[in-house]
Amino acid sequence: RSRGLGDVYKRQVEEIITTFISMKKVLVITYYWPPSGGAGVQRWLKFVKYLPEFGWEPVVYTPENPESPADDHSLFKDIRPGTTVVKKKIFEPYRMYKRFLGMKPEERINAGFLTEQEKPGIKEKIAVWIRGNCFIPDARTSWIKPSVRFLKKYLTSNPVHAVITTGPPHSMHLIGLGLKRSLQLPWIADFRDPWTDIDFYEQLRLTRRADRKHRRLEKAVLNEADAVVVVGPSMSEKFTGHMEKLPYVIPNGYDPDDFNRLKPDDKADESGEKTEGPPNIQTFRDKFRFIHLGAMNRDRNHEIFWRALSELNQEDGKFKADLSIVLIGKLDISVRESIRNHDLEEKVIREPYIPHDRVANYLRSASLLYLPVNNTPNAKSIQTGKLFEYLAAGRPILGIGPDDGDAAEIIRDCQSGQMVNFTDLQRLKQVISDWYRQWSNHSLTIDSVNIEKYSRRTLTGQMAELLNKLTEKS
């Protein structure tokens, strides 16, 4: 009998070894990788996690000393044992940038022109001009040539079947462009956000010369990559006008593991003990609680949200007593001003960055999940990464943004909430009031549909299919 078990074990080991040997390898060039936290790391951390299930062994190339918005050591649990991660030091001008602005070396630089302390002064404006015009496409430009030299040598003794770059920062795509021109490997350029159509492009104070260079480099990447991947249909439409072939759409998503491994904070585990809930929020268990996850910059600070809540407070004393607003992440100074101007300070709980392995518990503790879309020219194409984790949390989503945009379409398709236009104050108040009545009657629930297609494992299968298609041609 023991011999039989040994034979079964031997066959299983042989199958695993055979699968591993037969795997194709893909080099993934990404600026954001654990311990870096924030939204930028999630997409490719999850793709790398699941690619081996589809016959692809990822090799990750990333900076040894990146400038990231936060650190999150909980993300290491998503890296499969044995994953090859190649790191190389990078020179970035951020040390000089911080010294110029009077920042401490350990202070973090905010993304998306978020200003926490004060309105931008002359120094900040000068720094933005230098960043936009002297560091093209971004502050990681000095990493391009050294990385191309290093990787050409590395790949000679460690060959791969394909290369993937993910941006922003779009300097990663220029590393891919250099490798493509030198080695002719199949190359996928993955755009988590646009390049010249990104929401803050107009704020870079670009000269005509700098703008032309951005657009020339963007066009080279879009047309020399073997495939371009974007996260949504509106971004695909924008890119189609700049390239000779159609981009592939593979959206962001959620990882079921993140939600299966955590229990809601109001349930007991099998031993009967309470699971640990979010700090400071337990006090508001009986509150009508809005939760917003992530940084909120000026473009996401919608006055009608604060005005709607303020007016509902004035119109209904019970609503005012029940209201609670939890903001997780960094806030632009304009957000704090709006909260103060609408007399909502006592209703707001601020939480700093939280490790990703605690996000599910926070989201599940919400009555409503707040999703402000950037009020910028590219608003229709914006799908914030948090949207998909909101879907997985199973709580109603209240969005403010274009009702004909990509995010609105996802919310409608999944029957997961409501998207209200930027200026429709009366409808916003009505939606909040309706949901508040349901909450008061203990009937505020959401029965989402079609969210499985946004599972990270499912989406990785789509990326693997594209890799297979490209490498079969080569």
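**Close-up views of a predicted model**

**View 1. Bridge partners in strands β11 and β12.** In β12, L398 is the bridge partner of Y370. Strand β11 (residues 368-372) and strand β12 (residues 397-400) pair in the parallel sense over 4 bridges, where pairing requires that DSSP finds at least two bridges between two strands. Helices (H or I, at least four residues) and strands (E, at least two) are DSSP runs, numbered from the N terminus. The model is predicted, so that local features need pLDDT of at least 70 and side-chain atom pairs count only at pLDDT 80 or more, while totals for chains, interfaces and linings use all residues. Residues are numbered from 1 along each chain as its sequence is written, and side-chain values use heavy atoms, with hydrogens and water left out.

View 2. In the order β10-β9-β8-β11-β12-β13, 6 strands form an open sheet with parallel pairing. Its edge strands, β10 (348-351) and β13 (417-420), each pair on one side only. Helix α16 (residues 425-440) lies across β8 (288-293), β11, β12 and β13, and runs at about 160 degrees to β13 (axes are lines fitted to C-alpha atoms, for helices over the stretch in contact, with angles from 0 to 180 degrees between N-to-C directions; contact means heavy atoms within 4.5 Å).

**View 3. Helices α5 and α6.** The axes of helix α5 (residues 144-157) and helix α6 (residues 171-183) come within 9 Å and cross at roughly 45 degrees. The contact is made by residues including I144, V148 and L151 of α5 and L174, I175 and L179 of α6.
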